Amino acid sequence: MDYTNPTVGLHGTPYWGSEVNAILTNIKTSVTAVESRIPTTSTVRYVSPTGSDGNDGLSPTTAFATIAAACAPLTIGGVVILLAGSYSTATSTQIPVLGTGTLAIIGEGSTTTTYTYTGADFAFKIGNGGG
């Protein structure tokens, strides 16, 4: 079968055959499923070593300086993106209770983002601050 020159079907629609059309349908379904999982802007917060906790954290140019500040306004399904740089703290980061669901904290890149915790307790505490 020649996949570079499809047969023109009804109404001028390209048709490569049932096998290829089934594959294309599966790909479209998969892409739609992935797109539905991409967070909206309101659930993403950015953190940067050059940021400020006085910022809104909604973009790389208005990033927060700390993970704690980025987590505070988030809800279930939120994502904190650590922009490239080095982060170091000896203080635990308190993450408020979010209910059931997920909160992701991800680095911009494994070779460009490092997080070092030097404290004696847990790096992250999830809950209402009760310890």
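## Basis

Residues are numbered from 1 along each chain as its sequence is written, and side-chain values use heavy atoms, with hydrogens and water left out. The model is predicted: local features need pLDDT of at least 70, side-chain atom pairs count only at pLDDT 80 or more, and totals for chains, interfaces and linings use all residues.

## Overall architecture

The protein chain holds 2 helices and 9 strands. Helices (H or I, at least four residues) and strands (E, at least two) are DSSP runs, numbered from the N terminus. The order from the N terminus is β-β-α-β-α-β-β-β-β-β-β.

Of the 131 residues in the protein chain, 22% are buried. Here buried means under 20% relative accessible area, exposed over 50%, and partly exposed in between (1.4 Å probe, protein chains only). Take contacts between residues at least 6 apart in sequence: 59% join residues at least 24 apart. Contact means heavy atoms within 4.5 Å.

## The parallel sheet

Three strands form an open sheet in the order β3-β4-β7, with parallel pairing. Its edge strands are β3 (44-47) and β7 (103-107), each pairing on one side only. From one strand to the next, the twist averages 20 degrees. Axes are lines fitted to C-alpha atoms, for helices over the stretch in contact, and angles run from 0 to 180 degrees between N-to-C directions.

Two strands pair if DSSP finds at least two bridges between them. β3 and β4 (residues 78-82) pair in the parallel sense over 4 bridges. Arg 45 has Val 80 in β4 as its bridge partner.

## The nonpolar core

The largest nonpolar core has 17 residues. Such a core is a set of buried Ala, Val, Leu, Ile, Met, Phe, Trp, Tyr and Cys residues joined through side-chain atoms within 4.5 Å. Those with the most contacts inside it are Tyr 46, Val 47, Val 80, Ile 81, Leu 82 and Leu 83. β3, α2 and β4 each supply at least two residues of this core.

Neighbours within four places in sequence aside, Tyr 46 is in contact with Gly 57, Leu 58, Ser 59, Pro 60, Ala 63, Phe 64, Ile 81 and Leu 83.

## Ile 67

Ile 67 sits in helix α2 (residues 67-71). It counts as buried, at 5% relative accessibility. Beyond its neighbours within four places in sequence, Ile 67 is in contact with Val 47, Leu 82, Thr 93, Ile 105, Tyr 115 and Phe 124. Ile 67 and Phe 124 are 57 residues apart in sequence, yet 9.7 Å apart in space, C-alpha to C-alpha.

## Two loop threonines

Thr 43 lies in the loop between α1 (18-37) and β3. Thr 43 counts as buried, at 14% relative accessibility. Not counting residues up to four places away in sequence, Thr 43 touches Leu 74, Thr 75, Gly 77, Gly 78 and Val 79.

Thr 50 is placed in the loop between β3 and α2. Thr 50 is exposed, with a relative accessible area of 75%. Thr 50 and Leu 83 are 33 residues apart in sequence and 9.6 Å apart in space, C-alpha to C-alpha.
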